[in-house]
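Please read each point beside the sequence and the structure.

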Amino acid sequence: MRLWSRELWRLLGWAALGTCLGWLLGLPGLGLAGGFAMCLVYHLRQLRAAYRWLTQRPQDEPPAARGLWGELFDRLYRYQKSQRITQSRLRSTLARIQESSEAMRDSVVMLDRHGDLEWWNSAASNMLGLQTAHDRGQHITNLLRDPRFISYFNARDYSEPLTLTSPIDERRILQYQITLYGDDERLVMARDITRLHQLEQMRRDFVANVSHELRTPLTVLSGYLETYGEMADQLPPRLGRSIGQMQAQTQRMQNLVNDLLLLSRLEIDQGGQDHQPMDVTSLLNSVGADALALSEHQHTLTIEGDYPAQLVGSEQEIRSAISNLAFNAVRYTPAGSEITLRWKAFGQGACIEVCDDGEGIDPVHIPRLTERFYRVDKGRSTATGGTGLGLAIVKHVLLRHDAQLQIDSHPGEGARFRCVFPATRLSTSATPPRSVPTVT
Ligand code: ADP
């Protein structure tokens with residue numbers, strides 16, 4: 001405020017001086033105008049000095065000035081200095097972040113809100129083939145052109161990582177993970193999981209080979225046991241019982257080997273070639289008949305299959321999945337229980353449900369039920385002839401059909417296993433709705 005009033009006094013001083021001089025010359029008005037003009041010239045000169053300082057040599061000391069202009073220059077200078085310090089701090093922080101990202105073995109690529117490349121580390125250059133000179137500012141999908149990456153990138157659901165081969169070296173397997181941050185910007189990280197992938201492949205091959213190798217000796221064993229079984233009446237009773245037990249155990253081993261082989265085929269084989277529209281209702285009828293045969297008609301079975309759409313997929317695989325669910329419903333419920341197989345519209349797509357009114361499952365077990373060899377009650381599963389692989393097979397079959405398994409059960413309230421298929425898996429070649437009678 002003091003500076004302002006001083007500046008005002010300066011203006012008045014110039015005006016008074018001009019007026020006095022003008023009065024002495026007999027032209028007081030002209031003198032007053034001259035006083036104001038001098039004042040204006042002074043301010044214009046300071047303004048020019050400020051303009052030159054800020055535009056031509058902002059890093060220099062400010063121009064020397066007194067009063068209001070001096071204060072203004074001082075404050076601008078101090079503000080500039082503090083900005084420079086903040087900038088250099090930010091620059092060194094950024095440099096440190098880039099340095100640490102540079103040292104990472106995983107690829108890090110920063111994209112702006114449009115998906116254009118802003119920055120990446122040298123691991124990204126090695127793994128993805130990005131070149132600083134050409135690629136900065138390019139859209140990521142111009143450089144990573146695999147359709148699976150493009151649809152993953154555009155879907156904006158990054159909860160699961162994506163595994164693909166490297167765009168520059170087919171032998172390298174990369175796992176992509178995208179994170180959204182800031183103003184819709186994205187951080188793409190890629191990890192080289194070639195070694196992990198090879199180990200996983202070795203595990204699968206090992207299981208498949210061992211299962212395959214076990215098949216022949218088991219067939220020979222069960223063949224001999226069958227022959228001895230037919231001669232049981234000629235053998236001492238103790239030996240006859242042992243042969244019966246050996247037959248049951250060999251059968252269990254054969255089931256286990258078959259399930260292991262099926263699982264590894266589902267894992268290894270990409271599938272999709274044999275996918276055709278199938279009539280789910282007749283499939284449910286046929287699975288239902290097998291389930292009733294297994295239960296020796298001690299269960300009640302209902303089939304509700306009047307949904308007209310056909311399901312596109314591998315009939316053999318879907319049959320195997322639904323049979324597993326239906327046979328479980330027979331094996332884990334007491335005689336007299338009711339089992340329902342249903343094909344109906346669900347959400348945007350459709351679902352196959354296998355429900356029973358048996359003892360049900362405690363919800364604590366549900367998240368782990370599809371793990372290999374996970375059993376709620378080991379003794380019971382073994383007694384019913386279960387291999388512990390049934391639900392793992394169901395999960396894999398559904399994965400290959402873009403479907404999901406939902407399990408809903410509570411102790412004493414039965415169980416519902418629902419296989420949910422998306423609309424893309426349905427074919428609506430207008431088959432008339434059919435109502436199917438209850439089979440008991
Ligand atoms: P298993 O060959 O032992 O039956 P699964 O993977 O098919 O293996 O099933 C895993 C476990 O889930 C079973 O051991 C059983 O305890 C439980 N289970 C599956 N279906 C049912 C059902 N309908 N009712 C009750 N429990 C079930």
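1. Terms of burial. A residue is called buried under 20% relative accessible area, exposed over 50%, and partly exposed in between, with a 1.4 Å probe and protein chains only as cover. By this rule Gly390 is buried, as its relative accessible area is 13%. Gly390 belongs to helix H13 (residues 390-399). From Gly390 to Asn142 the C-alpha distance is 44 Å, and the two are 248 residues apart in sequence.

2. Basis of the model. The model is predicted: local features need pLDDT of at least 70, side-chain atom pairs count only at pLDDT 80 or more, and totals for chains, interfaces and linings use all residues. Residues are numbered from 1 along each chain as its sequence is written, and side-chain values use heavy atoms, with hydrogens and water left out. Helices (H or I, at least four residues) and strands (E, at least two) are DSSP runs, numbered from the N terminus.

3. Strand S12. Two strands pair if DSSP finds at least two bridges between them. Strand S12 (residues 415-421) runs antiparallel to strand S10 (residues 349-356), with seven bridges joining them; Ile352 has Cys419 in S12 as its bridge partner. Strand S11 (residues 404-409) is also antiparallel to S12, through six bridges, and Ser409 is partnered there by Ala415. Five residues lie between the strands in the hairpin of S11 and S12, where Gly412 takes a positive phi near 80 degrees. Six of the seven residues of S12 are buried.

4. The open sheet. Which strands form the open sheet, and in what order? The order is S6-S8-S13, with antiparallel pairing. Strand S6 (276-278) and strand S13 (426-427) are the edge strands, each pairing on one side only. Strand S8 (residues 310-313) pairs with S13 over two bridges, and Gln310 stands opposite Ser427 in S13.

5. Arg75 and Glu71 form one of them, with their closest N and O atoms 2.8 Å apart. Because Arg75 and Glu71 are four residues apart in helix H3 (residues 67-103), about one helical turn separates them. Arg75 is exposed at 52% relative accessible area, whereas Glu71 is partly exposed at 28%. In helix H8 (residues 194-230), Glu200 and Arg204 are likewise four residues apart, about one turn of the helix, and their closest N and O atoms are 3.9 Å apart. Glu200 is partly exposed at 32% relative accessibility, while Arg204 is buried at 18%.

6. A salt bridge between distant parts of the chain. Arg400 forms a salt bridge with Glu317, and the closest N and O atoms are 2.8 Å apart. This pair links distant parts of the chain, 83 residues apart: Arg400 is in the loop between H13 and S11, and Glu317 is in helix H11 (residues 315-331). Elsewhere, salt bridges that share partners join Glu200, Arg203, Arg204, Glu267 and Arg372 into one network.

Note on methods. A salt bridge is a side-chain nitrogen of Lys or Arg within 4 Å of a carboxyl oxygen of Asp or Glu.
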